Amino acid sequence: MRLALDEAEAAARGGDVPVGAVVLSPDGTTVLATGHNEREATGDPTAHAEVLAIRRAAAHLGEWRLSGCTLVVTLEPCTMCAGALVQSRVDRVVYGARDQKAGAAGSLFDVVRDRRLNHRPEVIEGVLADECAHLLTEFFRDR
């Protein structure tokens, strides 16, 4: 999560909402890819931290299935990102701060654990939640 927080800070420096993500290998010891929000930087509405990290991890592995991998992210994934996690077959999602307004991993929706879908990653929430939330609060307070 500390690496994801570093990514979130990079997003904030670039004028984007401070969300950072990291994809770990199945053994949990190797960072396959990182990402942070780049919507403002690229003008791409899909340039969320999770989507970018998933794309980069898939490119690194040379395949779209991220079976066994863990995605660590500072903010609970939105519906788009939750869908990308299901589609990429990530085994585990670890997130920091809950997102009561747009969260899709248990807060507002629970896309990642919807029994109607063919893949349901494990969800671990609240890792360094206060630090993750503080970064977001400060960013929006300054705006």
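Biologist: Are H1 and H5 roughly parallel or roughly antiparallel to each other?

Modeller: Keep in mind that this is a predicted model. The axes of helix H1 (residues 2-13) and H5 cross at roughly 5° and come within 11 Å. Angles under 35 degrees count as roughly parallel. H1 and H5 are therefore roughly parallel.

Biologist: And how many charged residues are in the contact of H1 with H5?

Modeller: On the H1 side, the contact has Arg2, Leu5, Ala8, Glu9 and Ala12, while H5 brings in Glu131, Cys132, Leu135 and Phe139. By class, that gives 6 nonpolar residues, no polar ones, and a charged count of 3.

Biologist: What about H3 and H4, is their crossing left-handed or right-handed?

Modeller: Helix H3 (residues 49-61) and helix H4 (residues 79-88) pack at about 20°, with axes 9 Å apart. H3 and H4 are therefore roughly parallel, too. As for the hand of the H3 and H4 crossing, it's left-handed.

Biologist: Which residues of H4 make that contact with H3?

Modeller: From H3 come Glu50, Val51 and Ile54. Facing them, the H4 residues in the contact are Met80, Cys81, Ala84, Leu85 and Ser88.

Biologist: Now the largest pocket: which helix gives the largest share of its lining?

Modeller: That pocket has a volume of about 320 Å³. It's lined by 16 residues, and the closest to its centre are Val17, Val19, Asn37, Leu75 and Asp99. By class, the lining has 9 nonpolar, 3 polar and 4 charged residues. The largest share of the lining, 3 residues, comes from helix H5.

Terms used. Residues are numbered from 1 along each chain as its sequence is written. This is a predicted model: local features need pLDDT of at least 70, side-chain atom pairs count only at pLDDT 80 or more; totals for chains, interfaces and linings use all residues. Side-chain values use heavy atoms; hydrogens and water are left out. On a 1 Å grid over the protein atoms alone, a cavity is a set of points where a 1.4 Å probe fits but cannot get out, and a pocket is an open set with protein on both sides within 12 Å along at least five of seven lines; lining residues have an atom within 4 Å of a point. Grid points are joined across faces, edges and corners, and a volume is the space filled by probe spheres set on the points. Helices (H or I, at least four residues) and strands (E, at least two) are DSSP runs, numbered from the N terminus. Ala, Val, Leu, Ile, Met, Phe, Trp, Tyr, Cys and Pro count as nonpolar, Asp, Glu, Lys and Arg as charged, and the others, Gly among them, as polar. Axes are lines fitted to C-alpha atoms, for helices over the stretch in contact, and angles run from 0 to 180 degrees between N-to-C directions. Angles under 35 degrees count as roughly parallel, over 145 as roughly antiparallel, 65 to 115 as roughly perpendicular and the rest as oblique. A crossing is left-handed if the near helix is turned anticlockwise from the far one by less than a right angle, and right-handed if clockwise. Contact means heavy atoms within 4.5 Å.
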